[in-house]
Amino acid sequence: MEAIFSSFALVAASEMGDKTQLLAFSLASRFRKPWHVMAGILVATLANHALASSVGAWVSSHVPERMMAGILAVTFVAFGLWTLKPDTMEESTGSNRFGPFLTTTVLFFLAEMGDKTQLATVALAARYHSMVLVTAGTTLGMLVSDGLAVWLGERMSGKVQARWVRVTAACLFFIFGALSAWRALR
């Protein structure tokens, strides 16, 4: 349960204000079909994070534990710093000929490539040695935070400052980094 909860919390918090959350808001506004958009987010996230967590699980089985903990410590601190930088999203000019589900699936999969949540999924799978549990947790985290954008976007944006959300998410990364550093040094 720790792997699922930690993965969920880290991704849900770090996704707030991320470019994919902005993409979710944009797609929901454009298509006005929230269930289609959410289904596309689910499929894209499962595919992307399953790939990322399998890489993390493979790496963790081939790198010595103390070295892995040190690498993870540096990685999580770097993600924390990256999280403090606000994301922006360029407006896409593509057509809507593929419909809301396929458009969302493709755009989300591509937007997550190399994104901090994908890279965090690699690191979490390396830490917890579980592709399935980490993928489940990170996918749930993405669905919760992007679901907020899809269904509550305008209402929430005026009440919650994105800066505080980024700071909270960065603190989570820093805590994971400190825990990994402690494991590397003991």
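Start with the record: UniProt, in an unreviewed entry, lists a "transmembrane region" at residues 41-60, 67-84, 131-152 and 164-185. Its positions follow the numbering used here, the feature names are shortened, and annotations may be inferred rather than shown by experiment.

The model is predicted: local features need pLDDT of at least 70, side-chain atom pairs count only at pLDDT 80 or more, and totals for chains, interfaces and linings use all residues. Residues are numbered from 1 along each chain as its sequence is written, and side-chain values use heavy atoms, with hydrogens and water left out.

Select residues 41-60. This span is 100% helix and 0% strand, with its end C-alpha atoms 28 Å apart. Helices here are DSSP runs (H or I, at least four residues; strands are E, at least two), numbered from the N terminus.

Go to residues 131-152. Again you find 100% helix and 0% strand, and the end C-alpha atoms lie 31 Å apart.

Step back to His129. It sits in the loop between helix 6 (116-128) and helix 7 (131-157). Its phi is positive, about 55°, although His129 is not a glycine.

Now pick helix 1 (residues 2-15). At 1.5 Å a residue, its 14 residues should span 20 Å; the end C-alpha atoms are 19 Å apart, which agrees. The expected span is 1.5 Å times one less than the number of residues. Buried residues of helix 1 include Leu10, Val11 and Glu15. Buried means under 20% relative accessible area, exposed over 50%, partly exposed in between (1.4 Å probe, protein chains only). Gly17 follows helix 1, with a positive phi near 85°.

Finish at Phe31, in helix 2 (residues 19-31). Phe31 counts as buried because its relative accessibility is 14%.
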